[in-house]
Amino acid sequence: MKIMLEELPHQKKALEAIIESFPGMDMDPSSQESPDYVYANPLIKNRYSNSANIDVKMETGTGKTYIGVRTMYELHQRFGLFKFIVVVPGPAVKEGWRSFMIADYSRQHFAQFYENDYLTVNVINAGDFSSRSGRRNFPVQLTEFAESTRQNEHDIEVLLINEGMLTSSSLMKDYDGTLLSGITRPLEALRETRPVVIIDEPHRFALHTKGYKKIEAMHPQMIIRLGATFPETVTGRGKNKVIKPDYYRGKPQFELNAIDSFNDGLIKAIDVYYPNLPQDQVADAWRVEQASARKLVLNQGRKARELSVGDSLADVDASFEGNVTYSGAKTLSNGLVLDKGMKLIPGTFTNVYQETMLRSAIERHFDAEQTNFLREQPTQPRVKTLSLFFIDSIDSYRQRDGWLRTMFEKLLREKLEELIKEYEYKDSVREREYLEFLRATMCSLQSASQKVHAGYFSEDHGSGDAAIQAEVDDIINNKEEFLSFKNTNNDWNLRRFLFSKWTLREGWDNPNVFVIAKLRSSGSENSKIQEVGRGLRLPVDEQGHRLQQDELPSRLSFLVGFDEHDFASKLIEQVNSEVEFPWNHHTLDDKLIAAIISSLDNQYNDRNELLKHLENEGIIDRSNDFLEDGFIRLHDEFPRITSQGVRPGRITDGGPKNRQRTRLNLPNWNKMRDLWRKLSSRYMLKFNPVGGGSLQEMVNEVFGNTNNFTYQYTQTVKNEIASGENNNLLALSPSTSEEGSEYPLPGMAYGRFVEKLARTTRLQPKIIHTAMRETDTQYSSDRRYFNEETIHRLLQDFRTRFDQRYKQGYEYEPLNFTASTSVYNPDTDDFKTDILASIIGIHEENNVATSLAARQLYEIPPLRYDSANPELSLLQNNYRKEIIAFGKLPKKAIQIPKYTGGSTTPDFVFMLQDENNRHLYLIVETKAEGSNKRISDAQITDIQQHFFEKLESIGIQYIEASRPEEVYATLRILETMQQ
């Protein structure tokens, strides 16, 4: 697979801004520097000053590396500049630049703009300055860069170096050889080239740092900084303290801020998830007051405790489980790096908590993977799905029996088993492919050399373990293989779960990361944009095409611990803080009123209601002018509108709404164990046509009906214009030509005709082909009959005959296997303790009578539901004691196949018991009020009567309900089981 690069509009604007901001070339012959020195760049105006330097602010994932490389090509073509030094913060970022610059797909892309120019990439790595011979020689890469000349007018020389190498003593030492006729120190040789320096991740190179000082020591003629985050300057103190980005010319020469990137769909949207914890557990958090080499100080309110190396957190609070101790050097025994101000919540240190986060990440991965693999099958190319885990304890993953590795593989196997069972009985081509992919994943995971997950850590370099080095090389260098489903041998590329310890947080680039899980806190107030940055880039399909948001609405699932439950709000705050918007701070004008009313955050129905509220709150006066601090108070009430920031829905806090869990009321579920044993069995539909005959015979009848075959004709529209006095237009009346007045359309190819019929009828193409052979030769040989109208008529006839023969002629035949549901595992014959709250209902009702709790299927409050009528009324009904347990079923907990295809999913279960402990289960499907799928009054009466007959058969004469029609008016009995 080759990635297909394309120039996006915002990237073109960035390049244009750089060229427009370029100071130009210095053609002054009186310059003290020789403009014709062949080993150096020609002279730039205003060189060595901030007025020559350029800042480009682009959000992570929008193509900064692309712009950096494109800028080198452009400056070379326009101005003859040919020596560039790219400075990056670390090895992972360096490898990202190197692999992009040398990749065939990028060289081919840039060749369309710069046909004859060629980029020579020279990379300085650790160890390049060492020599076994005892002589200190310059690295070949450095010599190549310094001594290349302008004689080859199409060659562009790039030196790629990371901060660690830049600040090492190797650049300042004297070497045995010489460069540029007598220079013995590398740094001096670089100065002579008069380079243009490009800095990636500029926030890592603040002006006072050692790294930036070394950049200045190379005497670059100009510096171009590319980044989402820039160094900051601080002025003033206390309330007058101001922190703002430090730009060379006071502002960036091009800015694509995070707000525009999110709102315009240039990067993925983000959903933040975290495990929910009880408030009493959260209140027991301990704050890190001090962490040093030998001592850890924690406080909780007025309580303070001090730990030495080797002391256990359980000595501070018995709720800290897992025997976590202080290892010194700001690190706990589980690998967590501490920082002042961090909150340590006792319940988050157990393996159960980590298991919850791992399980959630795996669930989110496969949610995305199924969507991306299947897409609109079979026409759209598949999209590979990757997940990235940031961890603190490397040993827990690298060791074969490490707790993290063991737990992850266990949970992954469980999910694979569940999905394999689900897809075994699906029949589309793409679904069968996905089943093969899942089976290959399981097979690899159970082998001695699995290729499903891998790790990349800084400690891996030089470890000597060949298998680990292969993993590292795969992660860093094989981007195209990661994006492909098959390798050159047509074997599945299975690796899609990656583990790292922040090493990949910056620089590493793979667009198909859809899930990022932080299993431990990062330990500091890092830029939130940087933390999600590895997953923001828009994805690439298996053909290398970059997918825009209108092609595949892409979202990044970002999982954090509860200690970072405010991550989404902080991210939104950071994004919105980058831009100041010109609202009128003196008067509430129509523009701002309209913005507030149209916002999803607004609870006021119209303009007058909003104005009345703001006036009552003392925010505005009768003239809509802001009172004292009025705009500030308005901002406090509507921060997302008055900031005019990132749109609602682009960054969501998925934790409390979508990933909150609800505990099962296990005593009531256990009463239904026998029912659930039966429901976990799987069934297939067996058809016994009424009146006999085979399916082929019925299809032959459909194709033998000559009325189903017709031509399609071209149609023309004639507009007749009537005019009145002074030729004024009075009417424009269209009329369509009659059938037969035009020529018939040519029709479609026979193969396509059969394929479309097979897809709409779900018949095998062989059956259709056999039926076509039996039809009148006039219709089977004349291609003009193979058209959409004929397909429509054949389909309608087929459905009518199918209903007549099979509507009352099918049965459910049990299969010899069972499947897990969201609440029950048949392998262990046990119910789960809790499930996702969202699969029960999206709405909450906290005002619930305590008398309802005993018979509900879930612990309440809150009571969860999807529609107020009938669901909420059903759940709040005060039924007689004979109904001993009832409640909503989780979505898709039971899927009953329908003879017309697909399945139906019931919503409620009622369990009834008579005085002899005999049971009746009523499983029902509801339709929300306003649904167009209503049933007749006669059917309602039949259903009620049938149900009451069942009740009477076990000795129950009547169920008391305030409005029985609410219970039964839209219910359909799907299955009854009597013990």
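Is Asp-26 buried or exposed? At 18% relative accessibility, Asp-26 counts as buried, where buried means under 20% relative accessible area, exposed over 50% and partly exposed in between (1.4 Å probe, protein chains only). The views below come from a predicted model, in which local features need pLDDT of at least 70 and side-chain atom pairs count only at pLDDT 80 or more, while totals for chains, interfaces and linings use all residues. Residues are numbered from 1 along each chain as its sequence is written, and side-chain values use heavy atoms, with hydrogens and water left out.

**View 1. Arg-47 and its salt-bridge partners, Asp-26 and Glu-33.**
Start with Arg-47 and Asp-26, whose side chains meet in a salt bridge at 2.8 Å, N to O. The term stands for a side-chain nitrogen of Lys or Arg within 4 Å of a carboxyl oxygen of Asp or Glu. Arg-47 and Asp-26 both sit in the loop between helix 1 and strand 1 (54-58), 21 residues apart, and the pair links distant parts of the chain. Helices here are DSSP runs of H or I with at least four residues, strands are runs of E with at least two, and both are numbered from the N terminus. Arg-47 is buried, with a relative accessible area of 16%. Now look for Glu-33, which forms a salt bridge with Arg-47 at 2.9 Å, N to O. Glu-33 and Arg-47 lie in the loop between helix 1 and strand 1, so this pair ties together parts that are 14 residues apart in sequence. Glu-33 counts as partly exposed, at 24% relative accessibility.

**View 2. Helix 1 packing with helix 2.**
Helix 1 (residues 9-21) and helix 2 (residues 64-79) pack at an angle of about 45 degrees, and their axes are 10 Å apart. Axes are lines fitted to C-alpha atoms, for helices over the stretch in contact, and angles run from 0 to 180 degrees between N-to-C directions. The two helices are therefore oblique to each other; angles under 35 degrees count as roughly parallel, over 145 as roughly antiparallel, 65 to 115 as roughly perpendicular and the rest as oblique. Helix 1 passes helix 2 in a right-handed crossing, a term used if the near helix is turned clockwise from the far one by less than a right angle, with anticlockwise giving left-handed. On the helix 1 side you will find Gln-11, Ala-14, Leu-15, Ile-18 and Ile-19, which meet Tyr-66, Ile-67, Arg-70, Thr-71, Glu-74, Leu-75 and Arg-78 in helix 2. Contact means heavy atoms within 4.5 Å. The residues of this contact divide into 7 nonpolar, 2 polar and 3 charged. Here Ala, Val, Leu, Ile, Met, Phe, Trp, Tyr, Cys and Pro count as nonpolar, Asp, Glu, Lys and Arg as charged, and the others, Gly among them, as polar.

**View 3. Helix 26 crossing helix 28.**
The axes of helix 26 (residues 695-704) and helix 28 (residues 765-774) come within 9 Å and cross at roughly 50 degrees. That makes helix 26 oblique to helix 28. Leu-695, Gln-696, Val-699, Asn-700 and Phe-703 of helix 26 make the contact with Ile-767, Ile-768, Thr-770, Ala-771, Met-772 and Glu-774 of helix 28. By class, these residues are 7 nonpolar, 3 polar and 1 charged. The crossing of helix 26 past helix 28 is right-handed.

**View 4. Met-442 and Arg-439 in helix 14.**
Met-442 lies in helix 14 and is buried, with a relative accessible area of 9%. Leaving aside residues up to four places away in sequence, Met-442 touches Arg-413, Leu-416, Glu-417 and Ile-420. The side chain of Arg-439 meets that of Glu-424 in a salt bridge (3.5 Å, N to O). Glu-424 lies in the loop between helix 13 (403-423) and helix 14 (429-445) and Arg-439 in helix 14, so the pair ties together parts that are 15 residues apart in sequence. Glu-424 is partly exposed at 32%, and Arg-439 is partly exposed at 41%.

**View 5. Leu-180, a residue with positive phi.**
Leu-180 is not a glycine, yet its phi is near 50 degrees. Leu-180 lies in the loop between helix 6 (163-166) and helix 7 (186-192), and is buried at 9% relative accessible area.
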